[in-house]
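The following paragraphs lead the reader through one protein model. Please keep the sequence and the structure in view while reading.

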Amino acid sequence: MLRVCTPHLRHAAAALALLASAVASAGPVPGQGTWETTLQPRDINSDGTVDAFYDTVLKVTWLADAKAGAGSAFDNGLSATDGAMTWTNANAWAASLNVHGTTGWRLPTMLDTGAPGCERIVFGGTDCGYNPLTISADGQTVYSEMAHLYLAALGNRSYCEATGGCAEGRFNAPNFMLSNTGNFRNLQAAGYWTDVDWASPNMGIAWVFYFNAGTQDGFFQSGERSALAVRPGDVATPVRMTGRCRRRAIALGRRSHRQRSCPPRPTPSNRPPPARIVVAERPR
Ligand SMILES: [Ca+2]
Ligand SMILES: [Ca+2]
Ligand SMILES: [Ca+2]
């Protein structure tokens, strides 16, 4: 049976009431979290637009657009353009993605620890509620990819502190709730599906991480939540270029012929300056 915690719902409602102010200030926050070093931008098709971020801690690659499913054939529910969709559609959307030739995407995952379902301690430290587990100290066990992204990489704080106490008196804290979105595009203060079905027997519920308040919980699979795609490993694995791509790389001054995709055509703006010829002085 799904356990519903009334205090949690009250906190969530209060958090939603604060959404407008949190969203208004969301953006990249230098120095908050580790994102500037652990979320490395990847421009898969070398067109100058970052397509993904390689997460050096989780060893996964996040899609840079956190609302990429909006308007897709999978975007069902009340709006066909808001990117919120049912759990089945969200899984299918991620699996269907082909980002400039890169496939293998899925929804972020988590571990349902302890007894099946929610081990709720309101202030956190389990699989459910505020401040859910992120990654083990030895880095070997990932408990929640999105909790790690929100709490550690982006350095955001949950609506309630792990040590107790909720938003009261902390509304103006600089990292309160979703204050830092890094360089993600369209990362919303909203619930995002994980790929994990709720505890058996099948109750038609799946796990969701809420970027509005830093909490993890179950939600009915037939309802609508947002979808963020991730894939294992790094998309920047070099591949050998041949023919025209190789000649273009040489024209752009790239000594290595190993790159994920064909570089853009050389233009006056991206052509490297001519090499400086340094004449060594003859020793006297
Ligand atoms: Ca790109
Ligand atoms: Ca929708
Ligand atoms: Ca559990």
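How many helices and strands are there in the chain? There are six helices and eight strands, where helices (H or I, at least four residues) and strands (E, at least two) are DSSP runs, numbered from the N terminus. This is a predicted model, in which local features need pLDDT of at least 70 and side-chain atom pairs count only at pLDDT 80 or more, while totals for chains, interfaces and linings use all residues. Residues are numbered from 1 along each chain as its sequence is written, and chains are lettered from A and ligands numbered from 1 in the order in which they are written.

Along the sequence, the elements follow the pattern α-α-α-β-β-β-α-β-α-β-β-β-β-α. Of the 284 residues of the chain, 39% count as buried; a residue is buried if 20 or more other C-beta atoms lie within 10 Å of its own, exposed if 12 or fewer, and partly exposed in between, with C-beta atoms placed from the backbone. Two residues are in contact if their C-beta atoms, placed from the backbone, lie within 7 Å. Among the contacts in the chain with a separation of 6 or more, 55% are accounted for by residues 24 or more positions apart.

The sheets come next. Strands of a sheet pair through backbone hydrogen bonds, either parallel or antiparallel; here, two strands pair if DSSP finds at least two bridges between them. One open sheet consists of four strands in the order S1-S2-S3-S8, with antiparallel pairing. Strand S1 (39-42) and strand S8 (230-232) stand at its edges with a single partner strand each, so one side of each is left without a neighbour in the sheet. The twist averages 25 degrees from one strand to the next, with axes being lines fitted to C-alpha atoms, for helices over the stretch in contact, and angles running from 0 to 180 degrees between N-to-C directions. Strand S3 (residues 60-63) is joined to S8 by three bridges, and the two run antiparallel; Thr61 stands opposite Arg231 in S8.

Another open sheet has four strands in the order S4-S7-S6-S5, again with antiparallel pairing. Its edges are strand S4 (129-130) and strand S5 (191-197); each has a single partner strand, so one side of each lacks a neighbour in the sheet. S5 pairs with strand S6 (residues 205-210) in the antiparallel sense over four bridges, and Gly191 has Tyr210 in S6 as its bridge partner. S5 and S6 are also included in what covers the buried residues of helix H4. In H4 (residues 87-96), these buried residues are Trp87, Asn89, Ala90, Asn91, Trp93 and Ala94.

Why is helix H5 largely enclosed by the rest of the structure? Eight of its nine residues are buried, namely Glu145, Met146, Ala147, His148, Leu149, Tyr150, Leu151 and Ala153. Leu151 lies in this helix (residues 145-153) and is buried because 23 other C-beta atoms lie within 10 Å. Beyond its neighbours within four places in sequence, Leu151 is in contact with Asn131, Thr134, Asn156 and Gly214. Leu151 and Phe211 are 60 residues apart in sequence, yet 9.7 Å apart in space, C-alpha to C-alpha. After H5 comes Gly155, with a positive phi near 65 degrees.

Finally, the confidence of the model. The chain averages a pLDDT of 80, and 70% of the residues score at least 70; pLDDT is the predictor's confidence in each residue, from 0 to 100. Over residues 253-262 the pLDDT is below 50, and this stretch has 25 contacts in the model beyond near neighbours in sequence. Residues 271-284 also have pLDDT below 50, with four contacts beyond near neighbours in sequence.
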